[in-house]
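Welcome! Please take a moment to look over the sequence and the 3D structure below, and then we can walk through them together.

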Amino acid sequence: MAKKKYYVVWVGRQTGIFETWDECNEQIFGFPKAVFKSFMTKELAEQAFKSSSKDFIGKDIFETELTPEQIALIGEPIKDSISVDGAWNTTTGIVEYQGVYTKTGKNIFKVGPHEDGTNNIVEFLAIVHALAYCKQHNLKLPIYSDSKTAISWVRDKQARTNHDKSDKNKKLFELIDRAIKWLIENEYDNEILKWETRAWGENPADFGRK
């Protein structure tokens, strides 16, 4: 079932908040310079309608469909931690990853670009890189990733990728082999935690290309 949305029309035949796309479309279709935007929650839609459209159009505004009770159960992220994320260009196959301090967003490491990869691969490499960084600097900080797959690969010390090796991604697979070797040969105390995007917004290490 599609998630319910609320449509704010600032400029149209009629302005207001509409609860279906058909109702919204009646106000904007063919209307010169119509201004509108959809929202996941009625509360934010109401706030937006009372405000200038410039404060919302084209802005990266975090919304969640979770209830306050659900968010309370999840809790807040640990600020004194490292967050990691990967980026994969679906058109070119180029991949990269980075790690930042969660509290400040300050970059700790950034690796890539590498050719012919996948998102799971760089998410996995990012976690292992963060673990190695923490061990090198004697840090027991938790590490956040929004990839359940990558977290499971690290836990099992295996990269279960079905991606084919090629001349283009030779370096990337060398990094995978090094990461697995590091996991096998090293112990660590750092917790690897799931970044709860639905409750907290985008991972602080996100590349911002969605």
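Helices (H or I, at least four residues) and strands (E, at least two) are DSSP runs, numbered from the N terminus. This is a predicted model, in which local features need pLDDT of at least 70 and side-chain atom pairs count only at pLDDT 80 or more, while totals for chains, interfaces and linings use all residues. Residues are numbered from 1 along each chain as its sequence is written, and side-chain values use heavy atoms, with hydrogens and water left out.

**The chain as a whole**

Seven helices and eight strands make up the secondary structure of the chain. Its C-alpha trace spans about 65 × 40 × 30 Å along the principal axes. The radius of gyration is 21 Å, whereas a compact globule of 210 residues would have one near 17 Å; this radius is taken over C-alpha atoms, and the globule rule is 2.2 Å times the number of residues to the power 0.38.

Of the 210 residues, 42% count as buried, meaning under 20% relative accessible area with a 1.4 Å probe and protein chains only (exposed is over 50%, partly exposed in between). Among contacts (heavy atoms within 4.5 Å) between residues at least 6 apart in sequence, 61% join residues at least 24 apart.

**Two annotated aspartates**

Which residues does UniProt list for "binding site"? The unreviewed entry gives Asp 85 and Asp 206; such annotations may be inferred rather than shown by experiment, and the positions follow the numbering used here, with feature names shortened. The two are spread over 122 residues of sequence, yet they cluster in space, with a largest C-alpha distance of 5.6 Å.

| Residue | Relative accessible area |
|---|---|
| Asp 85 | 1% |
| Asp 206 | 18% |

Asp 85 has its place in strand β4 (residues 82-88), while Asp 206 lies in the segment after α7 (197-200). Asp 85 counts as buried because its relative accessible area is 1%. Asp 206 is buried too, with 18%. Leaving aside neighbours within four places in sequence, Asp 206 is in contact with Asp 85 and Gln 98.

**Around helix α5**

Now for a helix. Which residues of α5 (residues 148-156) are buried? They are Ala 150, Ile 151, Ser 152, Trp 153 and Val 154. Just after α5, Lys 157 takes a positive phi of about 55°.
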